[in-house]
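Hello,

Here is the structure I promised to pass on to you. Have a look through it first, and then read my notes below.

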Amino acid sequence: MLSNLAVRDIETLVHPYTNLATHREVGPLILERGEGVFVYDTAGKGYIEGMAGLWCTSLGYSNEELVEVAAEQMRKLPFTHIFSGRSHDPAIELAEKLKEIAPVPISKIFYGASGSDANDTQVKLVWYMNNALGRPQKKKIISRLKGYHGVTVASASLTGLPANHTDFDLPIAGILHTSCPHHYRFAQPGETELEFSSRLAAELEEMILREGPETVAAFIAEPVMGAGGAVTPPEGYFEKINAVLAKYDVLFIADEVITGFGRTGNMFGTTTYGLKADTLSCAKAITSAYFPLSAVMISEPIYEVLVDQSRKIGTFGHGNTYAGHPVGCAIAVKTLEIYQRDDIVGHVRKVAPKFLQRLEKLAEHPLVGEARGVGLIGGIELVKDKATKAQFEAKKGVAAKSGAFAQDEGLIVRPLGGDRVAFCPPLIINEAEIDEMFDRYERALAKTL
Ligand code: PLP
């Protein structure tokens, strides 16, 4: 029996990333409040938020310092834009802090409001820069199958998942996809991780040569694939990819929308995997998701091109109303201060062994073909047959089934692509809560079988 609020939801909302037909029968999970790593629905039932919302509420659900700083900024100056050279203190302070911790060569920050628009900006900057440099043919961008980069026309094109392309007339021209680096699923029989990485790097090189290096501008990748299944890279992968990109003057855009700010046990996933990126997109945990904000890190050579273009053609014609929103920037400044003061990276490193041990233990279950993770992000692969790695038919929705049982048990996880489940709790989670999270999921799995 659906509640009155649920009925009103069905009558009024189109939900993102939802089976809209099923939703009419099942209805929504309506959350009302949160505390620590828990969220509570309208009936008062508590859930461990095993996904930190959508990989984002790093400091949990009741951080009073963030609420305070937001209220203070709301009272002082709830909005000013940063168009036409206008500015404000929180935007400047945040840019300074980001420059201090950036793992890429950085000169300036360009703000947005979502991960999608940050990656859209990356695409536009690549195009704009290459036109300005007099090489208009160098525009193609290579992404990866199962990579996730957002939903705008350009960022959804970068995304390598069928649901984002089918019947949306995407991807747009000039966006190419190379193989997904998921060793368990895509390695050939007997192929080691290193061999797999070498094969993928060779495939990337072939693609660049086939297209013509003079036409390929950039490559984009998440250090750990999120929506593609919480997939950690195979051994040697980024080192080999980096070597290919350097050989053909192809920029590396690191999409750290999920991995930024401590998730992998370093401030950035770029550091965890020693990858060398030219520019970086971040969002989500930049404000612990208490406000929508994203940032693109721009290197000095790219910035110089932008300034030069302004000398030639005037205004840099890009940016949205809420770019550098003062409330978002003030919250982000405080968030970064808390990460440093409370040594959140140290905390992630301390509790990650427990998280990974419990995650890996799931692989003992007959339904779990693989469990993989780093820091406080991980995923499992549900299979019909462990020996052959045979997959369930997507229609069976086995991951969604386990997710629904988890919800009954008081846990939120994220089913992905039919047979994968992701775990990505708030970074403040403690060891007892990690145990409780996996105890609840083990009970859900037992019911799924
Ligand atoms: N990039 C990555 C790696 C993401 O995981 C996401 C969202 O989950 C995005 C980009 C898009 O961010 P948003 O949903 O804020 O537009």
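A term to start with: two strands count as paired if DSSP finds at least two bridges between them. The helices (H or I, at least four residues) and strands (E, at least two) are themselves DSSP runs, numbered from the N terminus. Please keep in mind that this is a predicted model, in which local features need pLDDT of at least 70 and side-chain atom pairs count only at pLDDT 80 or more, while totals for chains, interfaces and linings use all residues. Residue numbers start from 1 along each chain as its sequence is written.

Let's begin with a sheet. It is open, has 4 strands in the order S1-S2-S3-S13, and its pairing is mixed. Strand S1 (31–35) and strand S13 (411–412) are at the edges with a single partner strand each, so one side of each has no neighbour in the sheet. S1 and S2 are antiparallel and share 4 bridges; within that pair, Gly-34 has Val-39 of S2 as its bridge partner. The hairpin of S1 and S2 has 2 residues between the strands, and Gly-36 takes a positive phi near 60° there. Strand S2 (residues 38–41) is also joined to strand S3 (residues 46–49), again antiparallel, by 3 bridges, and Tyr-40 stands opposite Gly-46 in S3.

Now for the domains, whose bounds come from an automatic or database domain assignment. The chain is assigned domain 1 (4–62 + 343–448) and domain 2 (77–341). Their C-alpha centres are 26 Å apart. The contact between them (C-beta atoms, placed from the backbone, within 7 Å) takes 27 residues from domain 1 and 24 residues from domain 2. Among the elements that each supply at least two residues of the domain 1 side are H3, helix H14 (344–361) and strand S11 (368–374). By class, that side of domain 1 has 13 nonpolar, 9 polar and 5 charged residues. Here Ala, Val, Leu, Ile, Met, Phe, Trp, Tyr, Cys and Pro count as nonpolar, Asp, Glu, Lys and Arg as charged, and the others, Gly among them, as polar.

A residue is buried if 20 or more other C-beta atoms lie within 10 Å of its own, exposed if 12 or fewer, and partly exposed in between, with C-beta atoms placed from the backbone. The core has 126 residues, and Ile-141 is one of those that touch the most other members. Helix H13 (residues 326–341) gives the largest share, 8 residues. Beyond four places in sequence, the contacts of Ile-141 include Val-123, Leu-158 and Ala-218.

There is also a ligand. A residue is near it if its C-beta atom, placed from the backbone, lies within 6 Å. Of the 16 residues around the ligand, Ser-114, Gly-115, Ser-116, Gly-150 and Val-257 come nearest. H6 gives the most to this shell, with 3 residues, and the shell divides into 7 nonpolar, 7 polar and 2 charged residues.

Finally, look at Lys-146, in the loop between strand S5 (140–144) and helix H7 (153–158). Lys-146 is buried, with 26 other C-beta atoms within 10 Å. The C-alpha atoms of Lys-146 and Gly-160 are separated by 4.5 Å, although the two are 14 residues apart along the chain.

Best wishes

How values were computed. Core = buried A, V, L, I, M, F, W, Y, C linked by C-beta atoms within 7 Å. Contact = placed C-beta atoms within 7 Å.
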